[in-house]
Amino acid sequence: MAQIVNKSNHLRKEILLEYLKMIVCSIAAIFCVVLAFYTYGFSLIATLILCIYVKKMKTNIDIIKSGLKGEKEVLNLLSDLPKRYKVISDILIQGKNTSSQLDYVIVGSNGIFIVEAKNIKGTISGNGNSKYLTQVKIGKGGKEYRRELYNPTLQVKGHVLGLTKLLKRNNMQYDVHGLVYFSNEESRIQFKSNNIVVLSKNKDDLLKYIKTYKNNGVKITPNEQIKITKLLKSQVM
């Protein structure tokens, strides 16, 4: 079993914040209903607006919960890597004008890997080098939903660049390998990327890719792995 260095997840904080905002808005809506008796119903307009906000927050909570579930499943999957690997989650790398939020970084003798987890349903298609992809899914009533989705391979390219720069600033010259993993069983991936590996559903493929990666024969020594892990742990959110 791999060494899980950090199990924290920023999505839990986001859910708590959304719940707090929803509670505040709900209390305010109730207050406006009571106040309607003294304002001839004018405060009901504010109640309606607050109810719309509450509904939007509930939708946000559902989306975050889905992401949290997917990331938890991927963390459990990565823990099945051999003991020689170290897994660090929720890393925030600050640049001069940008920041990168990394789901998982795996450190082993055969390389440093970034895994971006996506718990998304439906068919994801498009040009792998485009800024946006298209997600198509079928709702409960059989209605087709279509939306643009920011290309996660471009997101991972930015993560790779950010982590590479961080390592260089600390006198560590190592290549970083990026992967996008679609974990949802109801996802169908119909695009490819020239630079970033895209995997979906098949859990064995993700573990196999990491374990069998050759890294041009370059090996990271145990001492260097400890240094890299310590550096990454200092960047945990």
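Helices (H or I, at least four residues) and strands (E, at least two residues) are taken as DSSP runs and numbered from the N terminus, and two strands are said to pair if DSSP finds at least two bridges between them. The structure is a predicted model, in which local features need pLDDT of at least 70 and side-chain atom pairs count only at pLDDT 80 or more, whereas totals for chains, interfaces and linings use all residues. Residues are numbered from 1 along each chain as its sequence is written, and side-chain values use heavy atoms, with hydrogens and water left out.

The secondary structure of the protein consists of five helices and ten strands. Its C-alpha atoms fill a box of roughly 75 × 40 × 35 Å along the principal axes. Of the 237 residues, 43% are buried, that is, under 20% relative accessible area, as against exposed at over 50% and partly exposed in between (1.4 Å probe, protein chains only). The accessible surface comes to about 14000 Å², with 56% belonging to carbon and sulfur atoms; areas derive from the Shrake-Rupley method with a 1.4 Å probe, and for residues only the protein chains shown count as cover. Among contacts (heavy atoms within 4.5 Å) between residues at least 6 apart in sequence, 63% join residues at least 24 apart.

Four strands form an open sheet of mixed pairing in the order E7-E6-E5-E9. Strands E7 (144–150) and E9 (187–190) lie at the edges, each pairing on one side only. From one strand to the next, the twist averages 20 degrees, with axes fitted as lines to C-alpha atoms (for helices over the stretch in contact) and angles running from 0 to 180 degrees between N-to-C directions.

Strand E5 (residues 122–125) pairs with E9 in the parallel sense over four bridges, and Gly 122 stands opposite Ser 187 of E9. Strand E6 (residues 132–138) runs antiparallel to E5 and is joined to E5 by three bridges; here Thr 123 has Val 136 as its bridge partner. E5 and E6 form a hairpin with six residues between them, and Gly 126 in the turn adopts a positive phi of about 140 degrees.

On the surface, Ile 30, Phe 31, Val 34, Leu 35, Phe 37 and Tyr 38 form a nonpolar patch with about 730 Å² of accessible area together. Patches comprise residues with over 30% relative accessible area and no salt bridge, joining like charges within 9 Å and nonpolar side chains (Val, Leu, Ile, Met, Phe, Trp, Tyr) within 5 Å; a salt bridge places a side-chain nitrogen of Lys or Arg within 4 Å of a carboxyl oxygen of Asp or Glu. Ile 30 belongs to helix H1 (residues 10–35) and counts as exposed because its relative accessibility is 56%.
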